[in-house]
Amino acid sequence: MHIAEGALSGSLAGVAVLGAGWAATALGTAIGLRRMDYERVPQVALLSSAFFAVSLIPIPLGVTSVHLVLCGLVGLVLGWAAFPALLVALFLQVLIAGAGGPTTLGLNTAVMATPAIAVYAIFRRAVHARSETATFLSAFAAGALGVLLGAVLNAAALALSGREFQVVARAALAAHLVIAPFEGLVTAVAVVFLRKVRPELLDAPLLATH
Amino acid sequence: MDPTADGPALLDRVDPRSRILATIAFALVVSVVNRPPALLAALASAVVSAAFSGVGLRDMLRRLAPLNLFMLLLVALMPLSSGGRQLGTVGPFSYSADGLRLALTIAAKGNAIVLLLLALAGSLDINTVGHAISHFRVPDKLTHLLLFTVRYLDVLRREYHRLRAAIEVRAFRPGVNMHTYRTYGRLVGMLLVRSLDRSERVVAAMKCRGFHGHFYLLDHFHYSRRDALFAAAAAAVLAGIARLEWQ
């Protein structure tokens with residue numbers, strides 16, 4: 001879900017989209033940093049390293065495989081800290097892997113962190129449900145919605161930058177629609193597991209085990 | 001992972017702060033450039049910087065691979081939704097020359113910027129990058145977050161491989177089934193639990209050593225005549241590229 005360096009900046013509309021991405025990221029990061037005290041910094045860094053490692057997991061799908069993104073789970077676990085955490089993670093990806101680039105960093109962060117915050121706002125209470133089934137179902141919705149919102153933002157950023165990007169935008173959207181149910185299932189299992197083992201990660205009460 | 005292991009390259013003696021600033025300036029100028037001569041000049045200067053950076057060719061190509069995968073997609077798909085002169089038709093779509101030119105422009109831009117970035121900033125030790133950006137009035141907490149993430153990225157990756165090995169010796173074979181998603185979900189959950197526990201130990205250890213929200217910088221960068229020369233050269237290259245674009 002990366003927009004490559006240099007892709008959008010050729011037109012005025014594209015520059016505006018990149019600028020909007022940076023503005024959203026600056027705002028979100030400022031809020032995220034204000035709400036995070038110094039003691040929470042190592043915790044956020046370790047959790048974001050864990051998400052970094054998890055994004056290596058290939059999920060088999062017929063002859064090919066897809067990678068986990070887990071925007072939804074990032075939001076549920078990190079809350080507003082998702083913005084600074086993703087900004088740092090994507091910055092490192094630019095430096096280490098050459099994925100993304102300096103001018104698209106803001107937009108790419110916003111495309112992944114905004115869904116995380118949206119999921120946090122919508123499902124924070126729902127995943128505190130008392131029954132395991134209700135927790136599972138709301139976490140499934142959270143995981144699927146996280147990746148869907150990200151895909152829509154990504155496609156919208158491309159489509160707004162010019163008519164030439166429309167086919168690319170649709171192809172990217174379709175690719176992400178396919179992975180949404182898998183993201184949902186993995187997120188649901190992980191949330192139920194956390195509710196039983198370490199509910200404080202979600203600020204939730206312990207879920208009774210049978 | 002130390003890219004400077006085989007002897008200092010010419011660029012290694014330049015102040016990291018000027019290298020980062022030069023990278024940002026280059027990205028800002030080149031990203032809005034559209035004419036072929038200016039783009040070729042940008043690519044050429046990126047290649048020259050890469051040659052002086054001391055990063056190996058293979059390593060460089062490996063890091064440029066993800067970018068060019070996306071560029072291939074653009075070259076294949078963009079001409080399908082562009083107007084102008086058409087080269088031919090593929091099914092219900094027509095392949096446009098303008099779209100192809102735009103896709104190639106984007107590929108040249110992206111490669112020039114990322115190559116220069118890898119040469120100037122990617123060749124720095126990441127802790128040095130953290131030190132350098134702490135001089136740019138980046139919020140303290142963000143710098144701390146960067147340094148901690150760098151410190152634990154590899155630790156958590158090893159933790160992941162340990163858990164992965166544990167499920168594989170129990171004969172786990174991933175497939176398209178619920179068993180796979182349940183296993184992966186718990187793997188993700190366990191990894192988060194372990195990273196939370198580890199962070200509690202880290203915070204406790206830091207408090208024992210009197211940490212109160214501040215990292216002390218033990219060494220400082222020195223701006224020298226070499227850095228002034230580098231800055232002048234970078235400014236000249238950028239001015240040249242800008243002149244080729246806006247004559």
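Let's start with Leu70(A), which sits in the loop between β2 (64-67) and α3 (71-78) of chain A. Helices here are DSSP runs of H or I with at least four residues, strands are runs of E with at least two, and both are numbered from the N terminus.

Before I go on, a word on the source. This is a predicted model, where local features need pLDDT of at least 70 and side-chain atom pairs count only at pLDDT 80 or more, while totals for chains, interfaces and linings use all residues. Residues are numbered from 1 along each chain as its sequence is written, chains are lettered from A and ligands numbered from 1 in the order in which they are written, and side-chain values use heavy atoms, with hydrogens and water left out.

Back to Leu70(A). Its phi is near 60°, a positive value in a residue other than glycine. Why point that out? Most residues other than glycine have a negative phi. Is Leu70(A) buried or exposed? Leu70(A) is buried, at a relative accessible area of 1%. Buried means under 20% relative accessible area, exposed means over 50%, and partly exposed is in between, with a 1.4 Å probe and protein chains only.

Chain B has a positive phi to show as well. Arg137(B) is not a glycine, yet its phi is about 60°. Arg137(B) lies in the loop between α5 (126-133) and α6 of chain B. Arg137(B) is exposed, with a relative accessible area of 81%.

Now helix packing. Two packed helices are described by the angle between their axes and the distance between the axes. The axes are lines fitted to C-alpha atoms, for helices over the stretch in contact, and angles run from 0 to 180 degrees between N-to-C directions.

Take chain A first. The axes of α3(A) and helix α5 (residues 105-123) of chain A come within 7 Å and cross at roughly 60°. α3(A) and α5(A) are therefore oblique to each other. The cut-offs: under 35 degrees is roughly parallel, over 145 roughly antiparallel, 65 to 115 roughly perpendicular, and the rest oblique. The crossing of α3(A) and α5(A) is right-handed.

Which residues of α3(A) meet α5(A)? They are Cys71(A), Gly72(A), Gly75(A) and Leu76(A), and they meet Met112(A), Ala116(A), Val119(A), Tyr120(A) and Phe123(A) in α5(A). Contact means heavy atoms within 4.5 Å. By class, this contact of α3(A) with α5(A) has seven nonpolar, two polar and no charged residues. Nonpolar covers Ala, Val, Leu, Ile, Met, Phe, Trp, Tyr, Cys and Pro; charged covers Asp, Glu, Lys and Arg; the others, Gly among them, are polar.

Next, a pair across the two chains. Helix α2 (residues 41-54) of chain A packs with helix α6 (residues 140-168) of chain B at about 45°, axes 7 Å apart. That makes α2(A) oblique to α6(B). The crossing is right-handed. On the α2(A) side, the contact includes Val41(A), Pro42(A) and Phe52(A). On the α6(B) side, Lys141(B), Phe148(B) and Tyr160(B) are among them. The residues of the contact of α2(A) with α6(B) divide into 14 nonpolar, four polar and two charged.

One more pair, within chain B. Helix α1 (residues 16-31) of chain B and α5(B) pack at about 80°, with their axes 9 Å apart. α1(B) and α5(B) are therefore roughly perpendicular to each other. Pro16(B), Arg17(B) and Ile20(B) of α1(B) touch Thr128(B), Val129(B), Ala132(B) and Ile133(B) of α5(B). The classes are five nonpolar, one polar and one charged.

Stay with α1 of chain B, where Ile24(B) lies. At 42% relative accessibility, Ile24(B) counts as partly exposed. Ile24(B) and Ala121(B) are 97 residues apart in sequence and 9.8 Å apart in space, C-alpha to C-alpha.

Last stop, chain A again. Where does Leu201(A) lie? Leu201(A) lies in the segment after α7 of chain A. Leu201(A) is buried, at 5% relative accessible area. Leaving aside neighbours within four places in sequence, Leu201(A) is in contact with Leu47(A), Val77(A), Leu194(A), Leu192(B), Val193(B) and Leu196(B).

Definitions and conventions: Left-handed = near helix turned anticlockwise from the far one by under 90°.
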